[in-house]
Amino acid sequence: MTPAVPEGGLTARRILPFWAPLAATWLMMALEGPFLAAVIARLPDPVFHLAAFGVALSLALILEAPVIMIMGATTALARNRASFRKMRRFTYGLSALVTALMALLLVPPVFRWMALGLFALPPEIAELTWGAVALLLPWPGAIGYRRLYQGLLIRGGLTRRVGYGTAVRLGTMGSVSLALAAAGVPGALAGAGALSAGVLAEALASRLMARESVRRVLAREESELAPLTYGSITAFYYPLAASSVLTLAVHPLMTFFLAQGRNPVESLAVFPVVRALVFLFSCLGLSYQEVGIALLGERGEGYPALRRFALGLAAATSAVLGVLAFSPAAEWWFVAVSGLS
């Protein structure tokens, strides 16, 4: 069942232990970008491969956007057997749709129009990007699947298990990327293949860890005054999905403008490295969304405490990123850690 607002009111001390495992989960996911960029930067032709990997990941992120909030919706709506089954079918249908859209982009005439026409990518980068997008084809479906079961874990207060699944993802991604690099696989393809392997492993781990949560929700048959329908799921989910799409649309939009600007190849190569650094900080805010959904309370009684915590989180992450950006630590990060010239 959804965690209730604690008796005596919600406080930062009570929010922190609920949020911390989710924050750790997102931080582990955020480490993927810097790690893979550092691997690709140390392989042959790093500029072209970083650029192709960045473009492919931008496309994968915007296609992932419609399913990324499934976790929050499941946390809020999967109350019993009937509602969980409807939520599961909704997730599977949405995941199939975005996967089909991603497959459509891989059709050669469509991809040539997008990569060579719309984005104006150099042909060598466009070719590498096609291979990377093809390897990322399982990405949106696997994310929708695992976020469905992660939502059940959060609804049951088992947020640590979400973190365990992400540790599986990070470990799989790291080992696969190093193995592919050692085998001589080109950098953009090694990065995309490692990302897909990691998210598939996390999806499987999440399903296994949610077995008891699934059994409990399937055994719950209480009647509801307003049974969940696909229309009500859509009405609840649409604002969440729209917010996610608008947020992640910045990545292909930036890819478009960088490809039209000065030094396009070098700019496209640097962009995924910068984006990965910023995501290390913004992911803490993203991890807070499910906390708000779970702890807001039936009448919004948790809102004041949640707002205060969010404002403090925003101020702290912005301050630390600012210190890193305007200090010698920036050069250490981009040159020594990320492997840029």
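The legends below describe close-up views of a predicted model. Local features need pLDDT of at least 70 and side-chain atom pairs count only at pLDDT 80 or more, while totals for chains, interfaces and linings use all residues. Residues are numbered from 1 along each chain as its sequence is written, and side-chain values use heavy atoms, with hydrogens and water left out.

**View 1. Helices H1 and H9 in contact.** The axes of H1 (residues 12–30) and H9 (residues 159–182) come within 8 Å and cross at roughly 10°. Axes are lines fitted to C-alpha atoms, for helices over the stretch in contact, with angles from 0 to 180 degrees between N-to-C directions; helices are DSSP runs (H or I, at least four residues) numbered from the N terminus. H1 and H9 are therefore roughly parallel (angles under 35 degrees). The crossing of H1 past H9 is left-handed (the near helix is turned anticlockwise from the far one by less than a right angle). H1 contributes Phe18, Pro21, Leu22, Thr25, Met28 and Met29 to the contact, and residues of H9 including Val162, Gly163, Ala167 and Leu170 also take part (heavy atoms within 4.5 Å). By class, the contact residues are 8 nonpolar, 4 polar and 2 charged (Ala, Val, Leu, Ile, Met, Phe, Trp, Tyr, Cys and Pro are nonpolar; Asp, Glu, Lys and Arg are charged; the others, Gly among them, are polar).

**View 2. The salt bridge of Glu32 and Arg169.** A salt bridge is a side-chain nitrogen of Lys or Arg within 4 Å of a carboxyl oxygen of Asp or Glu, and the count by this rule is 5. Between Glu32 and Arg169 the N to O distance is 2.6 Å. Glu32 belongs to helix H2 (residues 32–41) and Arg169 to helix H9, 137 residues apart. Both Glu32 and Arg169 are buried (under 20% relative accessible area, 1.4 Å probe, protein chains only; exposed is over 50% and partly exposed in between).

**View 3. The salt bridge of Arg146 and Glu202.** The N to O distance is 3.4 Å. Arg146 lies in helix H8 (residues 139–155) and Glu202 in helix H10 (residues 187–209), so the pair ties together parts 56 residues apart in sequence. Arg146 is buried at 2% relative accessible area, and Glu202 is buried at 0%.

**View 4. The salt bridge of Glu212 and Arg216.** The closest N and O atoms are 3.9 Å apart. Glu212 and Arg216 both lie in helix H11 (residues 211–218), 4 residues apart, about one turn of the helix. Glu212 is partly exposed at 33% relative accessibility, as is Arg216 at 37%. Elsewhere, salt bridges that share partners join Glu32, Arg146, Arg169 and Glu202 into one network.

Note on methods
Helices (H or I, at least four residues) and strands (E, at least two) are DSSP runs, numbered from the N terminus. Angles under 35 degrees count as roughly parallel, over 145 as roughly antiparallel, 65 to 115 as roughly perpendicular and the rest as oblique.
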